[in-house]
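Please open the model in your viewer and keep the selection tool at hand. The stops below say what to select next and what is found there.

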Amino acid sequence: MTSNIKILKPSDPQGSDLLSQERARTTFDVKKLTLALYGSKELERLNRILEIVENDPVFDKSKIYYMGRNELFEHALKKDKRLVQLIKKHRWNVEETHIAELFLDLPGPFGLHRGMFIPTIFGQGTEEQKKKFLIPAIKYEIIGCYAQTELGHGSNVQGLETTATYIPETDEFEIHSPHLTASKWWIGGLGRTANHAVIMAQLKSNGKDFGPHPFIIQIRDMETHQPLSGITIGDVGPKFGYNATDNGFMLFDHVRIPRSNMLSKYSQIKEGTGEYISPPNDKLSYGTMVFVRAMIVTGVRVALARAATIAIRYSVVRRQFVDKDEPKKLEDGRIVETSILDYTMQQYRLFPVIAQAYACFYTSKAMVDSYLNYMKQSSGGDFSSLADLHASSSGLKSLATSMAVDSIEDCRRACGGHGYSSFSGFVTFYQNYLPNTTWEGDNYILTHQTARYLFKTFREVVSNKNPEAYSQSNTNPTITYILQFLNNPNQTCTATTPSDFKNHELQLRAFGHRAAYLIANAVDQIDNHKKSWNSMLIEVNRISRAHCQYILARNFITALQKSHHPNEDERLRVLHDSPELMEVMNSVCNLFVLNTMEKELGEFLECGYITSSQSKLIRSQVYDLLKEIRPNAVSLVDAFYIPDFMLKSALGRYDGKVYETMFDWASKEPLNEITLDVNPNSEVLFRNNDYKGKARL
Amino acid sequence: MSSYVKIPSNLKPSDPQGSDLLAQERATVTFDVKELTLFLFGKKNLDRYHEILRIVENDPAFDKTNVYFMGRNELFKHAMKKEKRLAQLIKENKWKVEDIQFAEWLLDTPGPFGVHRGMFIPTLISQGTEEQKKEFLVPALKYKILGCYAQTELGHGSNVQGLETTATYISEADEFEIHSPYLTASKWWIGGLGKIANHAVVMAQLKSNGKPYGPHLFVVQVRDMETHQPLPDITIGDIGPKFGLNSTDNGFILFDRVRIPRSNMLSKFSQIKKGTGEYINPPNNKLLYGTMVLVRAIIISGVRFALERAVTIAIRYSAVRRQFVDKEEPKKLKDGRVVETIILDYTMQQYRLFPVIAQAYACFFTAKVMIDQYAEYTKQSSVGNYSLLTDLHASSSGLKSLTTTMAVDSIEECRRACGGHGYSSFSGFVKFYQNYLPNTTWEGDNFVLTQQTARHLFKTFRKMVLSKGAEAYPSQSERNQTMTYILQYLNDPNHTCTATTLLDFKNPELQLRAFGHRAAYLIANAVDQIDNQKSTWNSMLVEINRISRAHCQYLLVRNFINALQNSRQSEDEGLHMLRDNPSLKEVTLTICNLFVLHTMEKDLGDFMECGYLTPSQARLLRAQIYNLLKEIRPNAVGLVDAFLIPDFLLQSAIGRYDGKVYETMIDWASKEPLNGITLDVNPDSDVLIRNETDNKTKAKL
């Protein structure tokens, strides 16, 4: 690099000045909004853990974007080992470990040991099994994975091909992969790391099939770390993302394990006779699924916040074209190009993502609250809220994660060419986020569960066979909107001006009416026109989306309503006590609701709820809301409090030094150490001692 | 490459086998697949395709088996090897531009020589004087010099007028001084610059006698021809890792007052006079716009191939992948065993994938029309008639935007429709999608582009309103598609859809009317906002984007419908085939209907908002789409087979022609280099990877 680069600056105005100007125009206290999002306890935790991980040399991220797969994997293993040491040292609990993982942002080979192996033994193991496996697992003396998905089966767990056959003579199970498609596949941490696995296999005893059950198996030698005999293991190869994790495959050739290795808290095989003892009802495991999905929706909120933070900050610093109707000037009067955030199209692309992030904040909070509430009720034997919770959480996981991947990608593209650079901070982030649409229930399949429940509820409400349903109508939002629809199926929207669409009751009515209309239609098709389930799948998907959009809108609106509860949650209290915060959050809520409506305008029109002239009012209200939000855009993303350490983005840095960072990071690209031979007739590609540079990579 | 893991050889996938499932699908096809392929390629291109595929598929330099495992340096090296070999083959076989395009398509590794051929040479041809061609073009064609095209800067992409690099004429020395006054002036994203190019065409702000003349092109030698090091006062580097295209060395370059001779300014159209520094203006820039139309036609042709590739993988995999038993219609093997239903039988999967097939055909017909129109325009412009240009240029801008956005969305939709395995690099989607993505940004950002389209549509609309109708444009309204629908709208702005049955939605006239009415309605509204309510351009940008989409969807629909309707009269060789072959005609008609109605359904809000469609008609429309999915189902595999995307291009374990999905997945996984190392997993041990032999394996990678 020649010397003049060091003295070169970006042309004026500087990114840092532009961002300070934005921060100066904010109408609310950013710190207060951050507090309203996280609460003081969580905030203290975030700060404390960030301080530790940010300053640990093992977690240095400066070379990550340049790493090939092997190097990245090695780096991730190092990170995972260091994290284990820190967990011990600081006695981090599950939540604290989770925060550290969030900041480290490098899903590594030990992730599934903590995230699935340990919780499964915890949830499904007997006391003896916990002693034998859980204790060494917690000490990392054994490292495990969770092997369910196979090469040929993902969504249909009942169709798994791996078998576990009880052999009474030796009181053992024989684990076997009868086909190539029976190979376990995609198993995180299995490829190179785990020495133990919980595997799902079809239980067979006395010639009878009992369906998939979990078994614990040692798979690698504790000394040599080689696969045990009869077991074939490998990494499944490169992926779109997650390349720091060793997703693996595994085949069993008649491998024997003791009977006591079947995880037997709920069901078991009796010694010698091979008699099967059935589990009690599986409501407990459904409860856990609700919680896992609440966590995924929380993850959506963080992902959206992260994407919007990068895109909004960069859009302030990036200037392109002069808006001739409203040219921007420097203090000395020079006309400069307009920040791209000032273009309405850019606002229209990005502000809804901010709004989605806040919407997911309140829905994940509501989901966690409902889960805790359910746990309390269920311990007293009341499982009545489970069906609704489970159905809604399935659809919400589907809707929110699909929304997240779309919005992350929108934000990336809104950063133009530089969004395509790994230095944007979008590339590995997006790549690693993508599987959320597939794991923990494929986003399309999941909607079946939601719709099935909605159809059932609808039929019950119609035939009034379930009086209990009505008694719940205050708490069960589904029944509320179905009842409203049944009472007045031809109801139409009363709005006559754009600002009528800011009325929260009207908004909720719209979403409820549309969902109920779709449900009513589908139930009619199935019950009266004898439509097959398969022929209804497209409608099923629309219905789940409509229902879950209603829930998102409702949770956001409810959070903004002042409660007079003396024990109100600290976060809500901070929000409700601040008129400036309430004002800006109200705009954000309205934008979320109306932008969602606008995207699905066809459905709101199709059900006859709004007219074509009302749809024009919605659009014009959306445009007004963009203007309302504009002065607060940067502060709304600052409030998310996503640290630069996590963003790893040249474009989205807090200080706005976009171009300086792009240059600095580009200068470190290892390819820049190599000199080529470009003569097409020469077989030399990289010249002389450049190979050294390469070998180092 | 050898396997690191030995897979038990006795294991097969569970029944039914993928190859049998695909064979069954191929048996249900109602038309002759070979005929459809011939229709899509034409005889001449098909011969070319086979000839070039034969050459590249068997050349060891182009072996793709290791590509998915390569890190950036290794991948780049691989790409260079490919480029050198390709340059040799071009010479040996005397390949023309079209042949090279086929080869590059099949090789599918955008490499460092791409911009030399695609931008450097064409720029010299079109902008250079005869002497400049002698000096630069002749050695460039022989690969004696390698060039790149340096326009975009760190701080400027879309706004070319705002570029910061300067080229100041120094009359004393009769030279230009090329300079980067700011960090943001650094050229950035320049393909082939980072490591390869020794020459560059640089776009810089021309200044002479203290006056600025805007961006102009200059040829600059950037690296030493012997040492390949950057010349003094020039800083060059690769810009680092990207989402995709990591086999290309996109680069940056900064100039610290670098002098070049005056003769290095590309001067076919404008120049600086020796000594006086006087600037000589170019003639009109219509020629340049014409070229842009052609480039965009080629991009749309590329959309077609990208969609074909994505949907080929997804459809074949969906015919092999089975999941759940559809209880109402369980599938059985010959021996009576119930087996899981292939996922292609689920309506949701059809609804996600079949429209992509239809989009590919729509882009095929529109690319064809664009190329025909470009040829027609070139003919007319040679006799001084440029009247077709504005409409062509405006439409091509919006079409590039609409179709490339559609392509990235559809590729990703196809990938996700392949579930978990779609996430594996072995799916063939990952690198493909990553490399395709920049199409939404380069050659005009997809959002910025729509402003050009809308501006032209507003102008046309105003003209039509002023002239009160057809009389003023009797002849042009024949050719100009925009005017046709605007006229229809002005004559009957409250027109509504007449459909009362499902079948009515298959009526091509009704379909066209719907798309034309909606586009014209949006234009009329926007013009009213701007002209009568004084809305600013900035405040209209969201509408502008909608309008461009509406207009271009109309064009896609119209081009598709016209091709099928006019096959009777047409003299086009391909369209003749449609006329003479009823089974082909029938299947293409179904696809056309699916494209039209699915596009309509996705934007249903627009069609209802303009009052054209009622809620009950919207329901009919949906019902008709579901019927079309059923019609297409037996032909799904045949339709993608007809695209003739070879396995060599797909590089997909799950989209292979023979259906051996699972065998290939595990075979390729066994070759993952990570499988050659053994870990030390003890968290308290500093060792990560064990012993010597394993370290060797690692170093090999």
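Select His390(A) together with its surroundings: neighbours within four places in sequence aside, His390(A) is in contact with Tyr286(A), Met289(A), Val290(A), Arg293(A) and Gln449(A), contact meaning heavy atoms within 4.5 Å. His390(A) lies in helix H11 (residues 386–414) of chain A, where helices (H or I, at least four residues) and strands (E, at least two) are DSSP runs numbered from the N terminus. With a relative accessibility of 10%, His390(A) counts as buried, the classes being buried under 20% relative accessible area, exposed over 50% and partly exposed in between (1.4 Å probe, protein chains only). Its side chain and that of Arg293(A) are joined by a polar contact of 3.4 Å; such a contact is a pair of N or O atoms within 3.5 Å, and within protein one must be able to donate a hydrogen and the other to accept it, while residues adjacent in sequence count only if both atoms are side-chain atoms.

This is a predicted model, in which local features need pLDDT of at least 70 and side-chain atom pairs count only at pLDDT 80 or more, whereas totals for chains, interfaces and linings use all residues. Residues are numbered from 1 along each chain as its sequence is written, chains are lettered from A and ligands numbered from 1 in the order in which they are written, and side-chain values use heavy atoms, with hydrogens and water left out.

Next, select helix H6 (residues 94–104) of chain A, whose buried residues include Ile99(A), Ala100(A), Phe103(A) and Leu104(A). Among the elements that cover the buried residues of H6(A) are helix H4 (40–54), helix H5 (69–90), helix H7 (111–124) and helix H23 (644–647) of chain A. At the start of H6(A), a side-chain oxygen of Asn93(A) comes to within 3.1 Å of the backbone nitrogen of Glu95(A), and after the helix follows Asp105(A), with a positive phi near 55 degrees.

Now move to chain B, where three strands form an open, antiparallel sheet in the order E4-E8-E7. Strand E4 (187–190) and strand E7 (234–238) of chain B are at the edges with a single partner strand each, so one side of each lacks a neighbour in the sheet. E7(B) and strand E8 (residues 251–255) of chain B pair in the antiparallel sense over five bridges, pairing being assigned if DSSP finds at least two bridges between two strands. Within this pair, Ile234(B) has Phe255(B) in E8(B) as its bridge partner.
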